[in-house]
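Here is a friendly briefing on a sheet and the helices around it. Please have a look at the fold before reading on.

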Amino acid sequence: MPNVEIVEFTDEWAEDFASLNYEWIEKYFAIEKHDREILDEPRKSVIDPGGQIFMAIVAGLAAGTVAMIPAGDGVLELTKMAVSPEFQGMGIGNRLMERCIEYARANGTNRVFLESHRSLGPAISLYRKFRFVEVPTDPNSEYSRADIRME
């Protein structure tokens, strides 16, 4: 099993953050305005407001990513999780989730939420493994594809 390193975002990873996410979104859904806002300007949309993006690196290559975006006092949104198909099955999703939980705890976060789609079975299972539970969906969600909300 290759070594997986989880690193914090730097501008050198911006293109990989976007391409990993565009790849999976386009595979299952359509790109939405809010996707573009985050993926095309990650520093402005995630980092500058006080969030973080984590990159999973294998042999110098971006294998996966996830973002934590501030969404109110003591609240973070876990979003834009993607693992390249060639690196799936290596536990990268687990490692990214562990890092997100560490980040949330270190930052005094009271609640972490995410929005997803029920058709993404492996992702929903991963979130449940990390004790996320389903809560009512947000009628004002910025994603038309979101049909499940978890905290």
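This is a predicted model: local features need pLDDT of at least 70, side-chain atom pairs count only at pLDDT 80 or more; totals for chains, interfaces and linings use all residues.

I69 stands opposite E77 in β4. Residues are numbered from 1 along each chain as its sequence is written, and side-chain values use heavy atoms, with hydrogens and water left out.

**The sheet**
- Seven strands make an open sheet with mixed pairing, in the order β1-β2-β3-β4-β5-β7-β6.
- Two strands pair if DSSP finds at least two bridges between them; strands (E, at least two residues) and helices (H or I, at least four) are DSSP runs, numbered from the N terminus.
- β1 (4-8) and β6 (134-135) are the edge strands, each with a single partner, so one side of each lacks a neighbour in the sheet.

**Helix on sheet**
- Helix α5 (residues 121-129) packs on the sheet and touches β4, β5 (111-116), β6 and β7 (148-150), contact meaning heavy atoms within 4.5 Å.
- The direction of α5 makes about 20 degrees with that of β7; axes are lines fitted to C-alpha atoms, for helices over the stretch in contact, and angles run from 0 to 180 degrees between N-to-C directions.

**Helix on helix**
- Helix α4 (residues 92-106) packs against α5 at an angle of about 45 degrees, with the axes 11 Å apart.
- G93, N94 and M97 in α4 meet L126, Y127 and K129 in α5.
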